[in-house]
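I opened the model to look up a few loops, sheets, cores and charged pairs. My entries follow in the order in which I made them.

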Amino acid sequence: MEQHSGQMQEVLPVSGMYENWFLDYASYVILERAVPAVEDGLKPVQRRILHAMKEMDDGRYNKVANIIGQTMQYHPHGDASISDAIVNLGQKELLIDTQGNWGDIRTGDGAAAARYIEARLSKFALEVVFNPQTTEWQASYDGRKKEPVTLPVKFPLLLAQGVEGIAVGLSTRILPHNFCELIRASISLLKGKPIEIYPDFPTGGLLDVSDYRQGRKGGKVRVRARIEELDSKTLIIREIPYGTTTASLIESILKANEAGKIKIKKVVDNTAKDVEILIHLEPKTSPDITIGALYAFTDCEVSISPNACVIVGNKPQFLGVDEILKISTEQTVSLLRRELEIKRNELQEKLLYASLEKIFIENRIYRHIEECTTWEQVIQTIDDGISPYKAQFYRPITRDDIIALTEIKIKRISKYDAFKADELMRKLSEELAQTEHHLAHLIEFAIDYFKNLLAKYGKGRERKTEIRTFDTIAAVKVAAANEKLYINRKEGFIGFGLKKDEDAEYVCDCSDIDDIVVFLRNGTFKVVKIAEKVFVGKDILHAEVFNKDDERRTFNMLYLDGESGITYAKRFQIGGITRDKEYELTKGTPGSKVLYFTSNPNGEAELVTVTLTPGCKAKVKVFDYDFSDLAIKGRSAQGNILTRYPIKSVKLKMAGVSTLGGLDVYYDPIVGRLNTEQRGYLLGTFHGEDTILALYKDGTYEVTGYDLANRYEPNDVIKLYKLSKNTIVSAIYFDGENQQYYVKRFQIETSSLGKKFLFISDHPKSKLLAATADEQAQAKIRYVKADKQEETTICDLDLLAEVRGWKALGNRLPYTKIKSVEL
């Protein structure tokens, strides 16, 4: 107790109160606001909106402002949260039919004010979400109304819509999945088959689910915009990643351009009904490299981390999407069972009353009650009249049943039609038998229920997001060369801020995220991060951009060992390094120095002329040395002895050729990229000016170089080949103008790289059936004969057509309709 102003006041500790209050608050936010229930997949505000709309439903649209007012009878958090929630539901285009400007998730435009837009429940929602007979009810927050605890949803709504929510101490993020695929997966579960479900986004795009982990915490998906090459100077984005908008995407592209990560001229947003963002490239900018840079440095690729948390049994639980689907499917079966049991009970009651009515009227029991003087005598008389028939009923006859018979009007008795009554009872019996059959075969009934949903509502809900495996983009490989590298050999500085230095010299273009390898005259080297100005050591011999994944760059070097005076020759590759660590290329003895040094991107080995000092004892004072006689080893190798005499000079006599042999190039058809890691199929061994031939499904071909940065659309490519002077393309196609099938063979006569050429006719209905550059190719043709019978023949393509120009029509095939062609 404490005395204050002459009065005694009690001091109350708040620590325990705070602990209890905070737990209450956290529990409330988790259970009542942020996290959906697993039973219906809805947050409380969403559930209350749908319940309010059902109460208002008369088939017509209602102003959203009115729906908000109706919902406020159940939701104690104001109109703003209800408005946001109903717009979010409406934009998912599943449970609510909308009218007016509801905004656009692609552009980020918001919806119009609630007084201007209208909504009603969709037919799908009315069929799968509501059933008062199977709904558990509770009092609303003020006790004036009843609201559902959860809605009896007979569909995996939570996975179809997705959800995001932040509570106290936890959050949830369940990505939306495809409507049709969820139904098919539920059917597979009911059949006992394994399932795999993956997200599908309304914005489309490309999706890599290799680390999805069934939507559990710790997993992630990578989502990319769909970027296409409109021409050599323009890229077009037609679909954007989920969670971004056209405005935010363009902003990220402009920021990357300002930072020098990409080189573009301008971005034009032509989005209307469909997304269309045009990216105009700077002159001499590679579209393939720019696409990679857009994925690496902008929101054209985003990573999304799911975290599936739902309320199960009044507690939050972390589940996988497969478990959520299983719970939903089991609940659907349970609800269907309850509905069938209710229907069976209703049919039994209708059949019982129809039978009682028939007995009451046909046996004229109503006449026996005319002499009764009391109500109890009436009841007893009717009960005695129907007693002989009680055994045929499924339950005992109650007083209420008898009272119902007394309420039959004279008019109905006088117009009673026994034939119609029998027909009604027959239909009720058939319906009851069918219901009993469904209950006995509940799984089959549930499967038919899901199939019916798919047939009624599946059209137009096909997958929008294409699932692919993405390649890993190395940022340093696609970053634009936005800086220039300079070196000050004398002072020992490198960087992109040395342009005004009198002793600085330009080395090459680079990006601001590159690593630079620097070799010093004393036989040491180090790798450093590019910066405005970095000290690396005096007497710089050579500097260049360092690519740790380059397995072909080879360095040729002659060095003098300071202790023995012997000159060594060595060829080496750098291999793995630690940034900013100094490495020795000589023996490391004092006085050692490099006499000759070259960097060779493809393992070239040159011929040099070595001149010894005039005063040395060597008989031959001038001789040639060929580096191709020297094996390539690691950077720490000592090298071979060149001479024991002092050297006056070393000069290049003749440039060399690569000693590494050709480059084995593979094409990975999953990601559409070239590689040297043996992923996909081997195209061949490439040297110098060799090229690649790409055949496409639209009847075009393209000749490209073998740069590993090249990109090919996997869904469009038939096959890639190493192009040679003997390469012959064989193709079978349908000509839309002549309505005939043709076979043609041709050699590649065009020389333009990176340009597509159409080798079938340009009629809109022309279609390529098969194309190959394989030697001695055969085709298995399945065609329809005049009598409409199908037949198959195998043909040698080189016997069907001679080699002509790539624009030639080809030879006509003697078939009126070809079903398929297999090579």
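**Loops.** I looked up E689 and found it in the loop between strand 38 (681–686) and strand 39 (691–696); helices (H or I, at least four residues) and strands (E, at least two) are DSSP runs, numbered from the N terminus. This is a predicted model, in which local features need pLDDT of at least 70 and side-chain atom pairs count only at pLDDT 80 or more, while totals for chains, interfaces and linings use all residues. Residues are numbered from 1 along each chain as its sequence is written, and side-chain values use heavy atoms, with hydrogens and water left out.

E689 has a relative accessible area of 76% and is therefore exposed (buried means under 20% relative accessible area, exposed over 50%, partly exposed in between, with a 1.4 Å probe and protein chains only). From E689 to G705 I noted 7.7 Å between C-alpha atoms, at a sequence separation of 16 residues.

I then turned to backbone angles. E93 is not a glycine, yet its phi is positive, about 55°. E93 sits in the loop between helix 4 (78–91) and strand 4 (96–99). With a relative accessible area of 56%, E93 is exposed. Q739, also a residue other than glycine, has a positive phi near 55°. Its loop runs between strand 42 (728–735) and strand 43 (740–747). Q739 counts as partly exposed because its relative accessibility is 47%.

**Whole chain.** I noted 18 helices and 50 strands in the protein chain. What is the radius of gyration of the protein chain? It is 40 Å, whereas a compact globule of 823 residues would have one near 28 Å; the radius is taken over C-alpha atoms, and the globule rule is 2.2 Å times the number of residues to the power 0.38. Along the principal axes, the C-alpha atoms fill a box of roughly 155 × 115 × 45 Å.

Of the 823 residues, 46% are buried. I put the accessible surface of the protein chain at about 42,900 Å², with 48% of it belonging to carbon and sulfur atoms (Shrake-Rupley method, 1.4 Å probe; for residues, only the protein chains shown count as cover). Among contacts with a separation of 6 or more, 66% join residues 24 or more positions apart; contact means heavy atoms within 4.5 Å.

**Cores.** Which residues have the most contacts inside the largest nonpolar core? I listed I86, L95, F124, F155 and L453, in a core of 73 residues. A nonpolar core is a set of buried Ala, Val, Leu, Ile, Met, Phe, Trp, Tyr and Cys residues joined through side-chain atoms within 4.5 Å. A second, separate core has 23 residues, among them I227, L294, C300 and F470. In soluble globular proteins, nonpolar side chains tend to be buried together.

I followed an open sheet of four strands, order 16-11-10-19, with mixed pairing; two strands pair if DSSP finds at least two bridges between them. Strand 16 (301–304) and strand 19 (466–467) are the edge strands, each pairing on one side only. Strand 10 (residues 206–208) pairs with strand 19 in the parallel sense, over two bridges. In this pairing L206 stands opposite E466 of strand 19.

**Salt bridges.** How many salt bridges does the structure hold? I have 46, each being a side-chain nitrogen of Lys or Arg within 4 Å of a carboxyl oxygen of Asp or Glu.

R106 and D104 form one through their side chains, at 2.8 Å from N to O. R106 has a relative accessible area of 17% and so is buried.

E430 and R426 form another, with 2.4 Å between the closest N and O atoms. Both residues lie in helix 15 (residues 418–440), four residues apart, about one turn of the helix. E430 is partly exposed because its relative accessibility is 45%. R426, at 37%, also counts as partly exposed.

D509 is partly exposed at 37% relative accessible area, and K484 is partly exposed at 41%. Salt bridges with shared partners also join R226, E239, E466, R468 and E713 into one network.
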